[in-house]
Amino acid sequence: IRTVIRNRDWKGNFSWVMAAERAYPQSVRVQHAVGLEYMKIGDVADAQQHFEAAERIYRDYPHLQMSMATLAVQAGDIDGAERHFRAAMRSGAGYTFEPDLVIDYAALQVQEQRYEKALALLTTAIVSWPGMTRAYSNRAVVFYRLNRPDLARADAVTALRLDPGNAQAAALLKRM
């Protein structure tokens, strides 16, 4: 009976998560899912409201902290992004998205021209999760910006060997 009732809620992801929120307003996962749906349609204010509601329920939900970091980056709130990335990294160890989290955090460091910190994060990602093409291509950018073209080229070549469709590595090699 519950399945039949829930099937009526399914008209798309947005209607489904809104129905889930009505049924389970104190669920961190539901509040997070609603926030993600608002993010998808570009409604930053409502996304932020639901992320904050989720954070009040359970602050250490790593997926939420990663989403909040992404939203903060989009809003230009670098301090907020730093805070949320660090919270996500503390609580996200061992999750399948951990490599992407580390690489995304490193990308923020590159954006802020904190190249040594980015280099440390990306090297950790490469050692911890071999084969992460994004880590190699991002580290190639860092080496390029640090005026170390030999290391930049080596990482870009490795990124392309791992993923011939890596546009960032291909563009960097073309620029060199």
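**Ground rules.** I number residues from 1 along each chain as its sequence is written, and I use heavy atoms for side-chain values, with hydrogens and water left out. Since the model is predicted, I ask for pLDDT of at least 70 for local features and 80 or more for side-chain atom pairs, while totals for chains, interfaces and linings use all residues.

**Helix α4.** I took helices as DSSP runs (H or I, at least four residues), numbered from the N terminus. Helix α4 covers residues 44–57, and its 14 residues should span 20 Å at 1.5 Å a residue, which agrees with end C-alpha atoms 20 Å apart; the expected span is 1.5 Å times one less than the number of residues. I found A47, H50, F51, A53, A54 and E55 of α4 buried, where buried means under 20% relative accessible area with a 1.4 Å probe, protein chains only. The cover over these buried residues includes α2 (13–23), α3 (28–40), α5 (62–75) and α6 (78–91).

**α3 against α4.** I looked up the axes, which are lines fitted to C-alpha atoms over the stretch in contact, with angles from 0 to 180 degrees between N-to-C directions. The axes of α3 and α4 come within 8 Å and cross at roughly 165°, so the two helices are roughly antiparallel (over 145 degrees). Residues making the contact (heavy atoms within 4.5 Å) include V28, H32 and Y38 of α3 and A47, F51 and I57 of α4.

**α7 against α8.** Here I noted an angle of about 160° with the axes 8 Å apart, and α7 and α8 are therefore roughly antiparallel as well. Among the contacting residues are V102, Y105 and V110 of α7 and Y115, L121 and L122 of α8.

**Cores.** I then turned to nonpolar cores, meaning sets of buried Ala, Val, Leu, Ile, Met, Phe, Trp, Tyr and Cys residues joined through side-chain atoms within 4.5 Å. The largest has 33 residues, and those with the most contacts inside it are F85, L101, L108, V110, L122, A135 and V142. Apart from it lies another core of 14 residues, among them V28, A54, L64 and M68. Leaving aside neighbours within four places in sequence, I see F85 in contact with A69, V73, L101, D104, Y105 and L108.

**S137.** This residue, S137, is found in helix α9 and counts as buried at 1% relative accessibility. With neighbours within four places in sequence left aside, S137 is in contact with A159, N166, Q168 and A169. I also noted that S137 and L172, 35 residues apart in sequence, are 8.5 Å apart in space, C-alpha to C-alpha.

Terms used:
Buried < 20%, exposed > 50% of the residue type's maximum accessible area, 1.4 Å probe, protein only. Parallel < 35°, antiparallel > 145°, perpendicular 65-115°, else oblique.
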